[in-house]
Amino acid sequence: DVLRAELRAPRRMHGCGFSWQFEQSGKWHDFGLEANDHTQHAYLEHLNSGGVATVEVTSGGTGRVIDFDKMMQRNLKTQKLRLVRLSLFVPRAWTSCNKTLLT
């Protein structure tokens with residue numbers, strides 16, 4: 001419930017908040033702003049009401065289908081699959097190991 005409340009807060013990527021990202025060549029890249037907002041809205045509907053597990057988004061003129069259950073996106077033109085994730089911007093200390101936090 002706390003995560004859902006955090007995700008509902010009106011925030012933009014590249015600030016405090018969240019960003020949807022895709023994996024390419026071992027690195028994570030942010031979605032464009034419009035695709036990020038569209039994906040977030042669809043994901044919240046999926047979580048809150050058991051809505052559809054997939055959403056179609058267009059970014060950079062390219063259509064993609066995102067599957068929230070598999071956390072994958074498929075390029076509609078090339079059929080290439082990529083991992084996606086929801087990156088929550090949290091302080092680095094929150095992800096530090098216990099030893100680091102206790103020193």
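The following legends describe views of a predicted model of one protein chain.

**View 1. Overall fold of the protein chain.** The chain contains three helices and six strands. Along the sequence these elements are arranged in the order α-β-β-α-β-β-β-β-α. Of the 103 residues, 27% count as buried. The accessible surface amounts to about 7000 Å², and carbon and sulfur atoms contribute 53% of this area. When contacts between residues at least 6 apart in sequence are considered, 38% of them join residues at least 24 apart.

**View 2. Strand β1 and its surroundings.** Strand β1 spans residues 18-24. The strand is mostly covered, with five of its seven residues buried. Pairing partners of β1 include β6 and β2, which are shown in the next two views.

**View 3. Pairing of β1 with β6.** Strand β6 comprises residues 81-88 and runs antiparallel to β1. Five bridges connect the two strands. Within this pairing, Ser19 lies opposite Ser87 of β6.

**View 4. Pairing of β1 with β2.** Strand β2 covers residues 27-30 and is likewise paired with β1 in the antiparallel sense, here over four bridges. Phe22 has His29 of β2 as its bridge partner.

**View 5. The turn of the β1-β2 hairpin.** Strands β1 and β2 form a hairpin in which two residues separate the strands.

Key
Residues are numbered from 1 along each chain as its sequence is written. This is a predicted model: local features need pLDDT of at least 70, side-chain atom pairs count only at pLDDT 80 or more; totals for chains, interfaces and linings use all residues. Side-chain values use heavy atoms; hydrogens and water are left out. Buried means under 20% relative accessible area, exposed over 50%, partly exposed in between (1.4 Å probe, protein chains only). Contact means heavy atoms within 4.5 Å. Accessible areas come from the Shrake-Rupley method with a 1.4 Å probe; for residues, only the protein chains shown count as cover. Two strands pair if DSSP finds at least two bridges between them.
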